[in-house]
Amino acid sequence: KRVYFDLLVLDLMMPGESGLELARSIRQQNNLSRDIPILMLTAMGETEEKIYGLEAGGDDYMIKPFEPRELLLRIKSILRRMSKESKLAPTKANLGGKVFDSVRLELRHGDKVIGLTSGESNLLKILAERPGIVFSREDLSNFLALDSGERAIDVQVNRLRRKIEIDPKSPRYLQTVRGRGYILQPD
């Protein structure tokens, strides 16, 4: 399953998998999907049902019927909050003598810009904005929308290591966590 959205609006009474089950599975799926804001829409307005919805991973809960304008305002509010939170993420990662700017998607060594492919810069952005977090190959493959599978992540990681590490065979910054995935450990 690929899950990457700016905002997910769920109707809790969907046919098949319920919105609560979907919200729970999204929240448990991977590191990236935990950042997706979820707005739950439902006709179930009891206090217990609201609590279940928010505990399942909802960021907001609206009871039907509602005014379309209220829905738009709540969506804007959630996106504004998420925007503020994303500004708290580190924008620069120090990797020895090299610095990666995740806003400009630029790797520098002093005054020299080190060329990165779009795949390499996007991969480094994900890792640099969440330093110290382990990402599985599946997480990274889903986020980067790689159709060629999880092993394509290994290729990107190896190429990236050649650009950021002093010794790519003994990485200091972009490390493998055996059986789990990859982690960036900047200075």
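**Group meeting: a sheet and a helix pair**

Hi everyone, let me start with contacts: in this protein, 48% of the contacts with a separation of 6 or more come from residues 24 or more positions apart. Please keep in mind that what you see is a predicted model.

Some overall numbers, then. The protein has 187 residues, and 40% of them count as buried.

Four strands make an open sheet, ordered S4-S5-S6-S7, with antiparallel pairing. At the edges sit strand S4, residues 92-95, and strand S7, residues 112-114, each of which pairs on one side only. From one strand to the next, the twist averages 30°. If you look at S4 and strand S5, residues 98-101, you'll find four bridges joining these antiparallel strands. Which residue of S5 is the bridge partner of Asn94? That is Val99.

Let's move on to the helices. Two packed helices are described by the angle between their axes and the distance between the axes. Here, helix H5 (residues 137-144) and helix H6 (residues 151-164) have axes that come within 9 Å and cross at roughly 90°. An angle of 65 to 115 degrees counts as roughly perpendicular, so that is how H5 and H6 lie to each other. On the H5 side, the contact is made by Arg137, Leu140, Ser141 and Leu144, and H6 brings Arg151, Ile153 and Asp154.

Definitions and conventions: Residues numbered from 1 in each chain as written. Predicted model: local features only at pLDDT ≥ 70, side-chain atom pairs only at ≥ 80, totals over all residues. Heavy atoms only, no water. Axes fitted to C-alpha atoms, helices over the stretch in contact; angles between N-to-C directions. Helix = DSSP H or I, 4+ residues; strand = E, 2+ residues; numbered from the N terminus. Parallel < 35°, antiparallel > 145°, perpendicular 65-115°, else oblique. Contact = heavy atoms within 4.5 Å. Pairing = 2+ DSSP bridges. Buried < 20%, exposed > 50% of the residue type's maximum accessible area, 1.4 Å probe, protein only.
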